[in-house]
Amino acid sequence: MGLGPRPMVSGLAIRDYAGDCEDVAALGQKVWTATYGNTMWFPLWDAAFLRWQIGGGALAPALYDGDRLVGTFFSLPHKLRIGSQTLPVGLASWCTVDPAHRAGRSALRLIGALRERHAAHGLALSLGVISGDRASVAHQFWSRYAQSFPQNLRFLFCFGLWVKVLDPARVAAAGVSAFERLGVRVAGPLLRGIPSRPTTGVRPYAPGDLPRCADLLAASTARCNWALQWPVARLAAQLNSAVSQTFVLESGGSVQAFVNIHRLSFQGRSPVRAAMIDLWATDARGAGSARLIGHLCQALRRDGVELVLAMRAHGMPAPALLANGFVPQPAHHHVVALFPRDDVALIEPKTWHLIMR
Amino acid sequence: MRGNVTPVLDRLRASPPDDRPAILVDFIEGQLLEILNWDESRRKDLARGFVQIGLDSLMAVELQFRLQKALKLAPPPEGDDAEFEMSSATDLADFLLSRRLNLR
């Protein structure tokens, strides 16, 4: 097989996405609600989030029926340091096909198109996250795909999340199982608590903090054998945008730590307003980290956020998270790698620092 | 598993070349009936082609996986997914016999 155009079902065509992301958000919400509604949690990415992510040069093959968007599979180019080697990679997500257009094996064609774009842009691989729920269509599809095409896709490792419930009533109402609803209700008073601490030195991020934040992050990720690299321009867009927010902990005129989140909604039986901690870095010890996380939670609650999540990645401040009522969830999600060719050798990701998209 | 209990690869190898396409088409159609959860009476509908019978990507990778196991096929070289470009069980059987099994 070459990289040429593939035969498609009449009227369907894959081309690079062009649009304002409103249609991508609408497609994802429609398809994922129809596929997973009331049975499992899934993110509801809105157009603002997608513009933030996709606007920066994503590889974006999209399936169109005429002018109508009916499928997507995007990947965001990044640099990933693996051991001492830095590779051009992508963060792949948003693999979605309208059920009415699946008969032409559309998802496989989108995967092929993304792999072709990987090869054309010299990317070594794309990382993606797949739910560990074996009943989900995504898990069934990708696990079978990996078995049939082990050169194309590998399951790398599992990870869990840190979860902080800020509004137990809303989160319990959205729970997809009776056990989850009951558990959150019963433990609600404990889960929602945020110990009162002075917030001395904690303030919102300002652009002047960027060089120091970049240094802190570089020092923090240097301890990992798999770590996304954050050039200053990319970090600036990550730390402060329409959907992301950052707080810093300052002491003696110097930033000692920062925490960065982005906002999104998760859908269970009903939608929940959530925040995902993407980046954390510090050279502070002890109470300073707990103060910063506590301040973050208070600020998010004031803004109506009901749930805070973080990947259980190396370097996340476990004591500070536990001190603020975050609960570690078991490893349930899979990180997978999609390869454009089969000659990429990887060392095992023992300590990793990634973001979830 | 429907049909003849002798492994399909053994049957293909033991058969005259002219009989092999029909044996493999029959096997592929049996797998499709299971994947689609259709009963035997709908076998004739499979001749309409993969798109027309609603074969989606999940079903296609399931079919691919079953064929690799049953026919002892190595994963396609360089991630080649040429099987997915075949439009019917007949085309797919012809492709597998000539390109993957060397049994034409």
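This note comments on the domains of chain A and on one of its helices.

1. The model is predicted: local features need pLDDT of at least 70, side-chain atom pairs count only at pLDDT 80 or more, and totals for chains, interfaces and linings use all residues. Residues are numbered from 1 along each chain as its sequence is written, and chains are lettered from A and ligands numbered from 1 in the order in which they are written.

2. Chain A is divided into domain 1 (12-159 + 333-341) and domain 2 (162-328), with bounds from an automatic or database domain assignment. Their C-alpha centres lie 26 Å apart.

3. Between the domains, 21 residues of domain 1 of chain A are in contact with 20 residues of domain 2 of chain A (C-beta atoms, placed from the backbone, within 7 Å). On the side of domain 1 of chain A that touches domain 2 of chain A, the largest share, five residues, comes from S4(A).

4. Helix H7 of chain A (residues 210-221) has twelve residues, which at 1.5 Å a residue should span 16 Å; its end C-alpha atoms are 16 Å apart, which agrees. Helices are DSSP runs (H or I, at least four residues) and strands likewise (E, at least two), numbered from the N terminus; the expected span is 1.5 Å times one less than the number of residues.

5. Which residues of H7(A) are buried? They are Cys213(A), Leu216(A), Leu217(A) and Thr221(A). Seen down the axis of H7(A), the buried residues fall within an arc of 120°, so they line one face of the helix (the arc is that of the directions from the helix axis to the C-beta atoms). The face turned away from the buried side of H7(A) carries the exposed residues Pro211(A) and Ala219(A). A residue is buried if 20 or more other C-beta atoms lie within 10 Å of its own, exposed if 12 or fewer, and partly exposed in between, with C-beta atoms placed from the backbone.

Note on methods: Two residues are in contact if their C-beta atoms, placed from the backbone, lie within 7 Å.
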